[in-house]
Amino acid sequence: MSYLTVEKKANIFKEFGGNEKNTGSVEAQIALVTERINSISAHLKQNKKDFSTHRGLMKMVGQRKRLLSYLAKTNLSGYRALIEKLGIRK
């Protein structure tokens, strides 16, 4: 499952973190986890009985939720801009 290439990761970090080297920013981490969640969700639509992948997906959703709550506490305007850009909340 090589859905996330080095170039794709670098583009995500460049777009959300400022540059390719800023992998620790909360916005970049949320964007990366969101990309992984979207990819695994597409996989699970085809493979409905893949329960171990479903468990991993639920863990990633929880991780993203924790990161988003941290971002909302520390930088509310950045949080609102990020969820609008990623299209997470409806």
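Visitor: Is I83 buried or exposed?

Guide: This is a predicted model, and I83 lies in its helix α4. A residue counts as buried when its relative accessible area is under 20%. The relative accessibility of I83 is 16%, so I83 is buried.

Visitor: Which residues does I83 contact, apart from its neighbours within four places in sequence?

Guide: Contact requires heavy atoms within 4.5 Å. With neighbours within four places in sequence left aside, the contacts of I83 are L68, I88 and R89.

Visitor: How far apart in space are I83 and R36, C-alpha to C-alpha?

Guide: In sequence, 47 residues separate I83 and R36. In space, their C-alpha to C-alpha distance is 16 Å.

Visitor: How many helices and how many strands does the chain hold?

Guide: From the N terminus on, the elements run α-α-α-α. The secondary structure therefore comes to four helices and zero strands.

Visitor: What share of the residues of the chain counts as buried?

Guide: The chain has 90 residues, and its C-alpha trace spans about 40 × 30 × 20 Å along the principal axes. Among contacts with a separation of 6 or more, 44% join residues 24 or more positions apart. The share of residues that count as buried is 31%.

Visitor: How are α1 and α2 oriented to each other?

Guide: The axes of α1 and α2 come within 8 Å and cross at roughly 140°. An angle must be over 145 degrees to count as roughly antiparallel. The crossing of α1 and α2 is right-handed, and the two helices are therefore oblique to each other.

Visitor: Which residues of α2 make the contact with α1?

Guide: From α1, the contact is made by K8, K9, I12, F13, F16 and G17. By class, the contact of α1 with α2 has six nonpolar, one polar and four charged residues. The residues on the α2 side are E27, A28, A31, L32 and E35.

Visitor: Is S25 buried or exposed?

Guide: S25 is found in the loop between α1 and α2. Residues up to four places away in sequence not being counted, S25 touches F16 and G17. The relative accessibility of S25 is 12%, so S25 counts as buried.

Visitor: How are α2 and α3 oriented to each other?

Guide: Helix α2 covers residues 26–46 and helix α3 residues 51–74, and their axes come within 10 Å. These axes cross at roughly 155°, and α2 passes α3 in a left-handed crossing. Angles over 145 degrees count as roughly antiparallel. The two helices α2 and α3 are therefore roughly antiparallel.

Visitor: How many nonpolar residues does the contact of α2 with α3 have?

Guide: On the α2 side, the residues include V26, I30, V33, I37, I40 and L44. They meet residues of α3, among them L57, M60, V61, L67, L68 and L71. By class, the contact has six polar residues, three charged residues and 13 nonpolar residues.

Visitor: How many salt bridges does the structure hold?

Guide: One of them joins E35 and K8, with the closest N and O atoms 3.3 Å apart. In another, the side chains of K14 and E20 meet at 3.8 Å, N to O. K85 also forms a salt bridge with E15, at 3.8 Å between the closest N and O atoms. The structure holds three salt bridges.

Visitor: How many residues apart are K85 and E15, which form a salt bridge?

Guide: K85 forms a salt bridge with E15. K85 is in helix α4, residues 76–86, and E15 is in helix α1. K85 is exposed, with a relative accessible area of 51%. The pair links distant parts of the chain, and the separation is 70 residues.

Methods: Residues numbered from 1 in each chain as written. Predicted model: local features only at pLDDT ≥ 70, side-chain atom pairs only at ≥ 80, totals over all residues. Heavy atoms only, no water. Axes fitted to C-alpha atoms, helices over the stretch in contact; angles between N-to-C directions. Parallel < 35°, antiparallel > 145°, perpendicular 65-115°, else oblique. Left-handed = near helix turned anticlockwise from the far one by under 90°. Nonpolar A, V, L, I, M, F, W, Y, C, P; charged D, E, K, R; others polar. Buried < 20%, exposed > 50% of the residue type's maximum accessible area, 1.4 Å probe, protein only. Salt bridge = Lys/Arg side-chain N within 4 Å of Asp/Glu carboxyl O.
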